[in-house]
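Subject: Structure handover

Hello,

Here is the structure you asked about, with my notes below it. Please read them with the model open.

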Amino acid sequence: MPTPRTPSVAARRALALAAALAALPGCQSFKLGGLGRDAKPDVALAPAPPAAPALPSRFTFRLPPYCFISDVEMQPDAPLFRDLAKLRDQVYKELQLPAGSAVVQVYLFENKDRYEQFMQARYPGLPTRRAFFVAQPRTLGGPEDLLVYTSWGASTQQDLRHELTHALLHSVLKDVPLWLDEGLAEYFELPPENQGVNPAHLEQLRGGNGMGGLFKPDLSRLEALGEVKSMNRPEYREAWAWVHLMLRTTPEAKAVLTAYLQQLRANPNPGPLGPKLKAVLPDPEATFEQHLAGLDAGPKPTARR
Ligand SMILES: [Zn+2]
């Protein structure tokens, strides 16, 4: 099974931790505690991990709704931050959601080694990925803390767009089904000029390699996946393609997705989306294949892959 290329999963589904973050100038401070909503008992009962390497703390930079924290000095007018400043509006406008106001804490480690050391010590049950989003329930209830971890590197912009999309969704929705969470993050992870097209995914899907050469789109199968470990490269690709189909084919298909997201604002489990899509697309799988066949791969991504 290939290692997922994609940077993250919504790690909230398998987390157990107890740690306290130091107060950070210019940022919201809070305590981590308690368990992820779907934390497994074997994880929850594990002894506390040894002290994790320190979080970055030297520099903080607020760019609402994000608070970036790094040991590397950041330039607020850098292209990376100008791009991320627009991401919130892009996501909420395209998905027709009201903007959230929750602070998203973004920890940017100075290099991959320090990031991985921290993650392995603090979140020992998680697979190795380039970046993570964590929605951490608070011990005393209330809104979840929204945390992003990654390191500086060639893929920082793409990884942050992906993870911050998760954070933006979780800041306004009660929950997000795993497949949809990843499909939307994949859709928004490349710059707006890509029009949501991920050329690498498109090439793979057109080549029939989505599922080991036997790819057949199957939204009901995707919707049944509830475990982070069951989402791998083929599932990320297919989730992206279903999201792109809904957002970029017909107004009716887009309305199915936006109505579903509106439901998720109040109801964490509104049931499967597939039957609603079938009501406006009689043969969704055929439409899926036609849509991919007709897509323009668009501008090539910059040299991050
Ligand atoms: Zn993700």
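Helices (H or I, at least four residues) and strands (E, at least two) are taken as DSSP runs and numbered from the N terminus. On that basis the chain has 11 helices and 7 strands. Please keep in mind that this is a predicted model.

First, the chain overall. It has 305 residues, and 53% of them count as buried. Among contacts with a separation of 6 or more, 72% are between residues 24 or more positions apart.

Next, the cores. The largest nonpolar core holds 64 residues, and the members that touch the most others are Tyr66, Phe68, Leu180 and Leu184. Helix H8 (residues 233-248) supplies the largest share of this core, with 9 residues.

Helix H5 deserves a look of its own. How many of the residues of H5 are buried? The count is 11 of 11, so by the cut-off used here each has under 20% relative accessible area. Both Leu180 and Leu184 are on the list of buried residues in H5, and so are the charged residues Asp181, Glu182 and Glu186. The cover over the buried residues of H5 includes helix H2 (79-95), H4, helix H6 (199-206), helix H7 (219-223), H8 and helix H9 (251-266).

Leu184 can be followed residue by residue. Beyond its neighbours within four places in sequence, Leu184 is in contact with Leu95, Thr165, Leu169, Val243, Leu247, Leu257 and Leu261.

Now the packing of H4 against H5. Helix H4 (residues 156-172) and helix H5 (residues 178-188) have axes 8 Å apart and meet at an angle of about 130°. H4 is therefore oblique to H5, and the crossing is right-handed. On the H4 side, the contact is made by Arg161, His162, Thr165, His166, Leu169 and His170. On the H5 side, Asp181, Glu182, Leu184, Ala185, Glu186 and Phe188 take part. Sorted by type, the residues of this contact come to 4 nonpolar, 4 polar and 4 charged.

- Pro64 and Pro65 are joined by a cis peptide bond, with omega about 5°. Pro65 is in the loop between strand E3 (59-63) and strand E4 (66-70).
- Gln96 is not a glycine, yet has a positive phi of about 55°. Gln96 is in the loop between H2 and strand E5 (104-109) and is partly exposed, with a relative accessible area of 46%.
- Gln195, also not a glycine, has a positive phi of about 55°. Gln195 is in the loop between H5 and H6 and is partly exposed, at a relative accessible area of 43%.
- Phe215 is in the loop between H6 and H7. Is Phe215 buried or exposed? Phe215 is buried, because its relative accessible area is 13% and the cut-off is under 20%. From C-alpha to C-alpha, Phe215 and Pro234 are 8.7 Å apart in space, and they are 19 residues apart in sequence.

Regards

Methods
Residues numbered from 1 in each chain as written. Predicted model: local features only at pLDDT ≥ 70, side-chain atom pairs only at ≥ 80, totals over all residues. Heavy atoms only, no water. Axes fitted to C-alpha atoms, helices over the stretch in contact; angles between N-to-C directions. Parallel < 35°, antiparallel > 145°, perpendicular 65-115°, else oblique. Left-handed = near helix turned anticlockwise from the far one by under 90°. Contact = heavy atoms within 4.5 Å. Core = buried A, V, L, I, M, F, W, Y, C linked by side-chain atoms within 4.5 Å. Buried < 20%, exposed > 50% of the residue type's maximum accessible area, 1.4 Å probe, protein only.
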